[in-house]
Amino acid sequence: MISDPTTDFPAFGSAQSNGAADYPGLDDWRSKPISQQPSWEDPAELKAALAELSSAPPLVFAGEVDQLRAQLAAAARGEAFLLQGGDCAETLAGATANKISAKVKTILQMAVVLTYGASLPVVKMGRMAGQYAKPRSSDTETRDGVTLPSFRGEIVNGFDFTPESRRHDPQRMVQAYNTSAATLNLVRAFTQGGFADLRSVHAWNQGFMKNPAYSRYEEMAGQIDRAVRFMDAAGVDFGALRRTDFFTAHEALLLDYERALTRIDSRSGLPYSTSGHFLWIGERTRELEGAHVDFLSRVRNPIGVKLGPTTRPEDALALIEKLDPEREPGRLTFITRMGADKIRDHLPAVVAAVRDSGAQPLWVTDPMHGNTVTAANGYKTRRFDDVMNEVQGFFEVHRAAGTYPGGMHVEMTGDDVAECLGGSDPIDESAFADRYETLVDPRLNHQQSLEMAFLVTEALSSRGRRA
């Protein structure tokens, strides 16, 4: 939740003289196998950047993290639904008021569709204020006989294909921290200062192009508006409708950054990563004895793990033992990313094994990463129909297993981009030349995101509420 830092800051006590948390085991990851990390060239530059981060104020606060854990626990029990959305890779230049507001508005709209259509509370979470690092399949990239380091996200290096841009620069971590702080300030203003007032559902459509999803949303907004006016006439207190909880999340890929921003909660004496409320471990870094799993097992944040089609039932069970040995409600989320053509074959055994073990993680679908293809004109893209097919498969598997499909994790933007094919107002390859903006993975645009919310609402409404 984005809340008032003047009340939450005292939740963190004094730390070491350099500001970093001092707690047993927090540095054990340094002796573990680690992948997808930068090759910092200058140790002095790295030391200076980490010292600056270690003494910086926290970006999020322990009380907020605890509130998120409670809400995720409700979602795992079938009493809520997690909506997690945002950029595949944030850019430093993209942290503008217009882009952030468009993204927040789209997530709020999707949440309203899900809440109203399925009569279910929605936990709202942005892939925002920290999603600057990206794993890559190769350490280097070659163009026209020139080989340079791969682009690993703007927290590490630049996108331009030059030696200067592709250099791994630790000062970029400080830039990412500062940009995350600015992003959080804007999100706090939007969600706590009246922008998220449910009585303004019509206003959230302003600035977006008209399309079928827009029209359907306007119809629903009219129904909500009539309901709100009725409650107003009946004397209902609208305090709860004026603001909303909004949490931030990112992949905890860069462990130097995460470690430097770990602080000790003065109430409990336990470590929290203050870089974001929710952190996840990617499919490429979830080795049970690896550095990422070790480090995140030691912080109090709710933790997600991406599970791809190679995941075996025993892998999921071992991750539960490592990351959630106490079976704490809301602690662990499994984010499945199987691919539309694999989910119905590979997910059932994993879900059944976890169910039979008695564990109750939150199950979330990531229908984006398993469905990436290359278009005929060479652009990396995804087909909207494939994305929705995986979502439908996710619901089918959980319905058959008697478990709860508790959320979705999507790469999306509030901008009118053309990066994913299809939708009710179809995007085709010819639009890529003018409206393809992502630096890494293709995202759903505003219309496609809203359309997805309506389709997921139908699945939630038809599955029946858990008693």
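The lining of the largest pocket divides into 16 nonpolar, three polar and three charged residues, where Ala, Val, Leu, Ile, Met, Phe, Trp, Tyr, Cys and Pro count as nonpolar, Asp, Glu, Lys and Arg as charged, and the others, Gly among them, as polar. This is a predicted model, in which local features need pLDDT of at least 70 and side-chain atom pairs pLDDT 80 or more, while totals for chains, interfaces and linings use all residues. Residues are numbered from 1 along each chain as its sequence is written, and side-chain values use heavy atoms, with hydrogens and water left out.

**Pockets**
- The largest pocket holds about 520 Å³ of space, a pocket being an open set of points on a 1 Å grid over the protein atoms alone where a 1.4 Å probe fits, with protein on both sides within 12 Å along at least five of seven lines, and lining residues having an atom within 4 Å of a point.
- Of its 22 lining residues, Thr115, Lys124, Leu198, Leu241 and Thr244 are the closest to the centre of the largest pocket.
- The second largest pocket has a volume of about 420 Å³, and its lining has three nonpolar, eight polar and eleven charged residues.

**Positive phi**
- Most residues other than glycine have a negative phi.
- Asp144, not a glycine, has a positive phi of about 50°, and at 82% relative accessibility it counts as exposed (over 50%, with a 1.4 Å probe and protein chains only).

Technical notes. Buried < 20%, exposed > 50% of the residue type's maximum accessible area, 1.4 Å probe, protein only. Points joined across faces, edges and corners; volume = space filled by probe spheres on them.
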